[in-house]
Amino acid sequence: MKQLSEIKTICNLGCGTMGFGTAISFAKSGYNVNMFGRKDASIERAMKNIKFTLNVMIENALLTKDEAAELLERINGVTTLKAAAKDADFVIESVAEEVSIKQAVYKEMEEYLDQNIIFATDSSGLSPTEVASVLKYPERFVVAHFWNPPHLIPLVEVVPGEKTAKETVDITWKLMEKIGKKPVALLKEAPGFVGNRLQFALLREALHCVQDGICTAEVVDTVCKYSIGRRLAVTGPLETADLGGLDIFYNTSAYLNADLSDDKTASPIMKKCVDQGNLGAKTGTGLYDWTESELNEIKKKREEILIEWLKKDAKGEKF
């Protein structure tokens, strides 16, 4: 595999919600980035998003104007996989979240890149073993799961498939750390990895509380934002259990676990929304009704909090 010191150019496949953010993350750390999109319009939209994001970062002292200008020069938009592969030393991919589409992309990329180039997918839960099953060199395939928005959330889950070489995991982990991320390496793959397993366990119980008439959606979100949400930013669930006392948490779980939701299918509440075409913010209605001003306000607030955390991370501080 190409070693960390040999990686200079990133092949960034995808320029949508995640792709433009990963391009920023690598370019910010001095890497040249070949950012692939299917159409010129896709590249133009991505560059517009990148420039908007860089302006926000400048306003919040995360970048200077000169650094932003240099960053932009390092991102080269292309519309063919062959062009994206030119001089590439590492591949990060965030195309559509479908196994067949990712497999087709990687099979073509194998025609352009040597076997010592790592292929990393930004999948949020697909099996790396399944995606890599069509490749000649599955040992160089790994998951590098960035979280949205990737330029503001530090975590990257590095997940091996059954045939992924340990060297592939190690180099990917080091590269993620070099671009300022907080990488974690899983010991083996599991559907949803770790982050989404935790996120969806919480979501399942949140929806159950509403479905069962325990409380409203607003109450669920208020409880999370003003209690566990604040605490989890400093202590994870296992640290919290240790700090609170395992005897207390054990005794509570002994009676509470039996009453928690263990549904094996998707929530009826979500199914009803989806069947009615109420998909959330993207349609204006979901579990909540959203106005444009409300959406802008909550997105801005989320961005401000994440930026505040990034500044504290840079100083080694905690809340």
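Ring pairs join Phe 26, Tyr 31, Phe 90 and Phe 146 into a cluster. The model is a predicted one.

**Aromatic rings**

- Across the whole structure, a search finds 6 aromatic pairs.
- One of these is the pair of Phe 26 and Tyr 31, which is edge-to-face, with 6.2 Å from centre to centre and 80 degrees between the planes.
- Phe 26 is buried, because its relative accessible area is 0%, and Tyr 31 also counts as buried, at 4% relative accessibility.
- Another ring, that of Phe 119, has Arg 140 over its face, at 3.8 Å from the ring centre.

**Helix H5**

- Helix H5 covers residues 99–112, which makes 14 residues.
- From its first C-alpha to its last, H5 reaches 20 Å, close to the 20 Å expected at 1.5 Å a residue.
- The buried residues in H5 are Val 99, Lys 102, Gln 103, Val 105, Tyr 106, Met 109 and Glu 110.
- Seen down the helix axis, the buried residues of H5 fall within an arc of 165 degrees, so they line one face of the helix.
- As background, an α-helix has 3.6 residues a turn, so residues three or four places apart point the same way.
- The cover over the buried residues of H5 includes the strands S1 (9–13), S4 (90–93), S5 (118–121) and S6 (141–146).
- Helices H4 (81–85) and H6 (128–132) are also among the elements that cover them.

**Helix H2**

- Helix H2 has 20 residues (40–59) and spans 29 Å between its first and last C-alpha, close to the 28 Å expected at 1.5 Å a residue.
- Its buried residues are Ser 42, Ile 43, Ala 46, Met 47, Ile 50, Thr 53, Leu 54, Val 56 and Met 57.
- These buried residues pack against H1, strand S2 (32–36), helix H3 (65–73), S3 and helix H13 (292–315).

**Two buried residues**

- Thr 22 is in helix H1 (residues 19–28) and is buried, with a relative accessible area of 1%.
- A polar atom of the Thr 22 side chain lies 2.9 Å from the backbone oxygen of Gly 19.
- Setting aside neighbours within four places in sequence, Thr 22 is in contact with Asn 12, Asp 122, Phe 146 and Pro 150; of these, Phe 146 belongs to the ring cluster.
- Val 78 is in strand S3 (residues 75–78) and counts as buried, at 9% relative accessibility.
- Not counting residues up to four places away in sequence, Val 78 touches Met 35, Phe 36, Gly 37, Ile 43, Ala 83 and Ala 84; Ile 43 is one of the buried residues of H2.
- The C-alpha atoms of Val 78 and Ala 96 are separated by 17 Å, and the two residues are 18 residues apart along the chain.

**Backbone details in loops**

- Asn 148 and Pro 149 are joined by a cis peptide bond, with omega about 0 degrees.
- Pro 149 is in the loop between S6 and strand S7 (155–160).
- Asp 87, in the loop between H4 and S4, has a positive phi near 60 degrees.
- Phe 193 also has a positive phi near 60 degrees, and its place is in the loop between strand S8 (182–185) and helix H8 (195–211).
- Asp 87 counts as exposed, at 56% relative accessibility, whereas Phe 193 counts as buried, at 1%.

Notes
Residues are numbered from 1 along each chain as its sequence is written. This is a predicted model: local features need pLDDT of at least 70, side-chain atom pairs count only at pLDDT 80 or more; totals for chains, interfaces and linings use all residues. Side-chain values use heavy atoms; hydrogens and water are left out. Rings of Phe, Tyr and Trp (its six-membered ring) pair if their centres lie within 6.5 Å; planes under 30 degrees apart count as stacked, over 60 as edge-to-face and the rest as tilted. Buried means under 20% relative accessible area, exposed over 50%, partly exposed in between (1.4 Å probe, protein chains only). A charge sits over a ring if NZ of Lys or CZ of Arg is within 6 Å of the ring centre and within 35 degrees of the ring normal. Helices (H or I, at least four residues) and strands (E, at least two) are DSSP runs, numbered from the N terminus. The expected span of a helix is 1.5 Å times one less than its number of residues. The arc is that of the directions from the helix axis to the C-beta atoms. Contact means heavy atoms within 4.5 Å. A polar contact is a pair of N or O atoms within 3.5 Å; within protein, one must be able to donate a hydrogen and the other to accept it, and residues adjacent in sequence count only if both atoms are side-chain atoms.
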